[in-house]
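These are my notebook entries on a structure that I examined. I set down what I looked up, entry by entry.

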Amino acid sequence: MAVQQTTVNPDLAVERQNATFNAEELTYFLYNGPEWTKRKRYLQNLAIQGVAKLKLKQYATLSREEQYESGLQKGAYAITMVKKLGLKSPAERMLFTEAVNPHEATGFNLHNSMFTDTINRLASDEQKEKWLPLVQSFRMVGTYAQTELGHGTFLRGLETTATYDPQTKEFILNSPTISSIKYWPGGLGKTANCCVVMAQLISNGQNHGMQSFMVQIRDYDTHEPLPGVTVGDIGNKFGYAGIDNGFLRLNNVRIPRENMLMRYAKASVLENGTFVHPKSDRLVYGTMTMVRSAIVHDAGRGLAKAATIAVRYSAVRKQSEIQPGAGEVKVLDFQTQQQKVLPQVAAAYALMFTGRNVLAFYMQVTSQIEKGALEELPQLHALSAGLKAVSSWDATNGIEACRLACGGHGYSQASGIPKIYVDVCPSCTYEGENTVMTLQTARYLIKCYNQLRQGEQLPSLIRFLQSPLEGRSSLDNQLELQELLAAFEHRARRMVHEVGQKLQTAAEEGKKSHEAWNSNSVELSAAAVAFAQAYIVKVFTDTVSRMEGKVKAVMTSLCQLYALDGIIRYLGDFMKDGYISSEQAVLLQSQLLTLLAELRPNAVALVDAFDFPDAVLDSALGRWDGNVYEALYDYSLRSKLNEKQVLDAYHKYQRPFMESQWKNCPQAAVTSRL
Ligand SMILES: CCC/C=C/C(=O)SCCNC(=O)CCNC(=O)[C@H](O)C(C)(C)COP(=O)([O-])OP(=O)([O-])OC[C@H]1O[C@@H](n2cnc3c(N)ncnc32)[C@H](O)[C@@H]1OP(=O)([O-])[O-]
Ligand SMILES: Cc1cc2nc3c(=O)[nH]c(=O)nc-3n(C[C@H](O)[C@H](O)[C@H](O)COP(=O)(O)OP(=O)(O)OC[C@H]3O[C@@H](n4cnc5c(N)ncnc54)[C@H](O)[C@@H]3O)c2cc1C
């Protein structure tokens, strides 16, 4: 029987009353004003009511197969409604879809994202004209098949081949080895009937590197695999149960010449098999850059949900006394608890702001690329790769910190946090494994360092590298945002210069550059992280400068907390060259604690401002009304194990085992009750 509660837990209500700012105003800032906020709420309510009508069981109680089915059902519903409502903007589509299947990946995910985006980006106008109507009407359901069993990171090592046959004007696709089997693409196993396959293009006996090809893998009507195609689901994973990540083996599968994606037409294979190089070999990597840019905001939003759950729960969970005899306190009143959850709130805001910023940069560079100007592509690649790594690492660690902050109940699926965690943490791996991504960023930073040595001007993104290395931080207890930013930029500058110098020395000593690179790669990766963190602090400080009134005051403290938390975590980096002195370090540590106390009364309002509906959080602990115990008990009553009092497993295994144990025990036969 469901336990009903309508009133708000007074412990949570009082938190909202005590806030020093109006959470609604911050919500307006996050969602571009009152009108957009209204629209967001309208769309999310519509989605939630629509899903309720589907009468689905709670996600956490479903088996893998049921989660896959529920994913398709909800995915289909979301797509139908998005079309019906005519939602064109990515933000509207994201908000609607998030409310339908929050952190529940579906078989359609890759169709809607990487598959469609790759066609838009890499297909010629004629190809788009042919495919997009089929894609949009779901006659074609696709995915992005790049990774193989043997290689995900090293794309030049991919083994799938597309060999051009000038006689028939076809490509012949093959997976020549076990390690060349495509492995991991989302929706490939059971849902997709087509995919963009990344394969080595071989023409006139020459390998021209990775290109993309449209390959039909299943019959449009029967959905059976086509001849030469072996395809299936890869099996259960750490999470992502709703999505059929798949394998694909191709054996002499022929596709017409026109199925090579030919947007950058000069990259196409002429009928006689001559290959004409595109303006940049890296244009074929464009979809990955787009998703890496999008991951930053998604990581922040995932962390924001976990932080909402942990903060609200910490404000209603009472445990132990601070003052002996004075009664139990909210766990949020413990300084240690504040130190666990408040930096996560700060990081969530920081990543969401940065995510918007990098997406805007992505759009700007993409429109330049469309006009043939590729100058800013290296900056975009370096920035998106580094931010993707730092944001997904921070969100993953932060979500886990939030789960631990919820004590035992955090371990229950009812908390909602495990579902968020398993959805966010693979972003450390997919779209470029994080360490590999930081090393890509480092490659760019070192290039800039070398340009600087040649006396060249650097692009604005990286201009802070030009400032002098000497100097000391002026940080004091005012925690000026510009001083905090200066500290992050100084640290990044020092780290890039230091490792750049090491590479330079190695070169002068005649060491091979690739060996020097590998033996300095821990430092190179750390320098890239420092660069990305400085960028995030910059975006956060710039964003706060555009705020007003009480919201600005609170967000300034939150920004200070974000920066201070980073400085304290990486204190060695900041002190190494004496930029921050021991006295300043002591001061900053105590300022961090002061900030925690200062922000404590606003903790609930800060997470309320994210404006997540209960259905999106899907959490007994993070619910708006704070009635967590009723919700937890209700969740338990609905456990499948509770559908019967005595389970078949009792008769099949437990009872026979018990009997086998007690048969030699004389006392055991005495009674059936104690
Ligand atoms: C819902 C989840 C769905 C998930 C889906 C997936 O996971 S899908 C699967 C996701 N899979 C992955 O994410 C796979 C990850 N792996 C990769 O992306 C690549 O193999 C690599 C980048 C690691 C190396 O690539 P490489 O061996 O070709 O490169 P290199 O190191 O020899 O550098 C050569 C030059 O290229 C430049 N450059 C490189 N990338 C880009 C770019 N995107 N843009 C622009 N430029 C780029 C680089 O800066 C360098 O420039 P420089 O200095 O010469 O001027
Ligand atoms: C949930 C999920 C969904 C996915 N969806 C898709 C999809 O839709 N389509 C698709 O094509 N793929 C997909 N992938 C695959 C994903 O893109 C790859 O797993 C990812 O790119 C990492 O490659 P890898 O698995 O080969 O890791 P590896 O490269 O084997 O990484 C193993 C270790 O080696 C290290 N390493 C590797 N190379 C270097 C280097 N050069 N320098 C230093 N260290 C290195 C890494 O840091 C890591 O510690 C998905 C993966 C997951 C988990």
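Entry 1. I looked up the buried residues of helix 5 (residues 90-100) and found Leu95, Phe96, Thr97, Glu98, Ala99 and Val100. I counted a residue as buried if 20 or more other C-beta atoms, placed from the backbone, lie within 10 Å of its own. Helices are DSSP runs of H or I with at least four residues, and strands are E runs of at least two, numbered from the N terminus. The model is predicted: local features need pLDDT of at least 70 and side-chain atom pairs pLDDT 80 or more, while totals for chains, interfaces and linings use all residues. Residues are numbered from 1 along each chain as its sequence is written, and chains are lettered from A and ligands numbered from 1 in the order in which they are written.

Entry 2. I then asked which helices the buried residues of helix 5 pack against. They are helix 3 (34-54), helix 4 (64-84) and helix 20 (614-617); contact requires C-beta atoms, placed from the backbone, within 7 Å.

Entry 3. I turned to the shell around ligand 2. Of its 21 residues, Gln146, Thr147, Gly152, Thr153 and Trp184 come nearest; a residue is near if its C-beta atom, placed from the backbone, lies within 6 Å of the molecule. Helix 12 gives the most to this shell, with three residues. Strand 1 (142-145) and helix 12 (434-453) each supply at least two.

Entry 4. I checked helix 10 against helix 12. Among the residues that meet are Pro378 and His381 in helix 10 and Asn434 and Met437 in helix 12.

Notes. Buried ≥ 20, exposed ≤ 12 C-beta atoms within 10 Å, placed from the backbone. Contact = placed C-beta atoms within 7 Å.
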